[in-house]
Amino acid sequence: MIKVSESARHKVVSLMTEEGYNATTDYVRVGVKSGGCSGLSYELTFDNAATDTDKVFEDNDVRIIVDKKSFLYLVGTTLEYSGGLNGKGFVFNNPNAQRTCGCGESFSL
């Protein structure tokens, strides 16, 4: 399961609305792809449909879909949002990551 902090929920709902998505019926797609300075990087997009092979979750009123491959890397992750002057934007607190890069956008196992 992937958890969503209160600050991330507010930002996700705001961004979804700005981009024409409905936060009550559409999804946040979270994934992992090869790349980044640590070997794997996170992907975060909006989607209006889940596939048969997606894992579907809901936390803090945010609907999340993850493909099966990415799910193995993301189990137990919390999506957070850090705003303000020194904020980083969305941050993935992933207990499976053994090493992360300075920007927090890539990791390795």
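Thr78, in strand S6, is the bridge partner of Lys3. The model is a predicted one, in which local features require pLDDT of at least 70 and side-chain atom pairs count only at pLDDT 80 or more, whereas totals for chains, interfaces and linings use all residues. Residues are numbered from 1 along each chain as its sequence is written, and side-chain values rest on heavy atoms, with hydrogens and water left out.

The pairing of Lys3 with Thr78 belongs to the contact between S1 and strand S6 (residues 78-82), which run in the parallel sense and are joined over two bridges. Strands here are DSSP runs of type E with at least two residues, helices are runs of type H or I with at least four residues, and both are numbered from the N terminus. Two strands are taken to pair if DSSP finds at least two bridges between them. In general, strands of a sheet pair through backbone hydrogen bonds, in either a parallel or an antiparallel manner.

The sheet as a whole is open and consists of three strands in the order S1-S6-S7, with mixed pairing. Its edges are strand S1 (3-4) and strand S7 (89-93), each of which pairs on one side only. Helix H1 (residues 6-18) lies across S1, S6 and S7 and runs at about 75° to S6. Such angles run from 0 to 180 degrees between N-to-C directions, the axes being lines fitted to C-alpha atoms, for helices over the stretch in contact; contact means heavy atoms within 4.5 Å.

The structure also holds three salt bridges, each defined by a side-chain nitrogen of Lys or Arg within 4 Å of a carboxyl oxygen of Asp or Glu. One joins Arg9 to Glu6, with the closest N and O atoms 2.7 Å apart. Both residues lie in helix H1, three residues apart, which is about one turn of the helix. Arg9 counts as buried because its relative accessibility is 18%, while Glu6, at 40%, is partly exposed; buried means under 20% relative accessible area, exposed over 50%, and partly exposed in between (1.4 Å probe, protein chains only).

Asp47 forms a salt bridge with Arg29, the closest N and O atoms being 3.0 Å apart. This pair links distant parts of the chain, since Asp47 lies in strand S3 (residues 40-47) and Arg29 in strand S2 (residues 27-34), 18 residues apart. Asp54 likewise meets Arg29 in a salt bridge, at 2.8 Å from N to O. Here too distant parts of the chain are linked: Asp54 is in strand S4 (residues 54-59), 25 residues from Arg29 in strand S2. Asp54 counts as buried, with 11% relative accessibility. Through shared partners, Arg29, Asp47 and Asp54 are joined by salt bridges into one network.
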